[in-house]
Amino acid sequence: MTNIEKNSLAVAACKVRMGIIEGTFNAKSGHPGGSLSVVELMSAVFCTQMRVDPKNPRDPGRDRFVLSKGHTAPCYYGVLAELGFFSKEEFKNFRQLHSILQGHPDMKK
């Protein structure tokens, strides 16, 4: 990995952290600690390894990510927003009624 790629990944991870803090603060709930503990890991995996495409999220050939630690959903959402799967503005609706960003991820939403 080049220094430029490392810096780009560090910037992405920082943006994800900001989303986690803002989302859980606005929702007055969530688990920021668990999410913050996996930012580097999830950012690196999604930004450098996973074959995913926000323009074609249901591509049968995409990689799948299983989030077994549901309390890290804010980090997962932050990474997906950073990649362009949905608007970062959607974090304002984290854990709100009818939001696509519930406390635990649901791939059908």
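Contact here means heavy atoms within 4.5 Å. Keep that cut-off in mind at each stop.

**Before you start.** This is a predicted model, in which local features need pLDDT of at least 70, side-chain atom pairs count only at pLDDT 80 or more, and totals for chains, interfaces and linings use all residues. Residues are numbered from 1 along each chain as its sequence is written, and side-chain values use heavy atoms, with hydrogens and water left out.

**Stop 1: Ser43.** Select Ser43, in helix H3. Helices (H or I, at least four residues) are DSSP runs, numbered from the N terminus. Is Ser43 buried or exposed? Ser43 counts as buried, at 1% relative accessibility. Buried means under 20% relative accessible area, exposed over 50%, and partly exposed in between (1.4 Å probe, protein chains only). Now show what Ser43 touches: Leu9, Ala13, Val16, Thr48 and Val79, not counting residues up to four places away in sequence.

**Stop 2: H1 against H4.** Select helix H1 (residues 3-27) and helix H4 (residues 73-83). Two packed helices are described by the angle between their axes and the distance between the axes. Here the axes come within 8 Å and cross at roughly 125°. That makes H1 oblique to H4. Angles under 35 degrees count as roughly parallel, over 145 as roughly antiparallel, 65 to 115 as roughly perpendicular and the rest as oblique. Axes are lines fitted to C-alpha atoms, for helices over the stretch in contact, and angles run from 0 to 180 degrees between N-to-C directions.

Show side chains next. From H1, pick Ala12, Lys15, Val16, Ile20 and Thr24; they meet Pro74, Cys75, Gly78, Val79 and Glu82 in H4.

**Stop 3: Lys15.** Stay in H1 and centre on Lys15. Lys15 is partly exposed, with a relative accessible area of 41%. Which residues does Lys15 contact, leaving aside neighbours within four places in sequence? They are Glu82 and Lys88. Draw a C-alpha to C-alpha distance from Lys15 to Gly78: 7.9 Å in space, for 63 residues apart in sequence.

**Stop 4: the core.** Select Met42, Phe46, Cys75 and Tyr77, the residues with the most contacts inside the largest nonpolar core, which has 20 residues. Such a core is a set of buried Ala, Val, Leu, Ile, Met, Phe, Trp, Tyr and Cys residues joined through side-chain atoms within 4.5 Å. H1, helix H3 (39-49) and H4 each give two or more residues to this core. H4 gives the most, with seven residues.

**Last stop: Tyr77.** Leaving aside neighbours within four places in sequence, the contacts of Tyr77 include Phe86, Phe91, Phe94 and His104.
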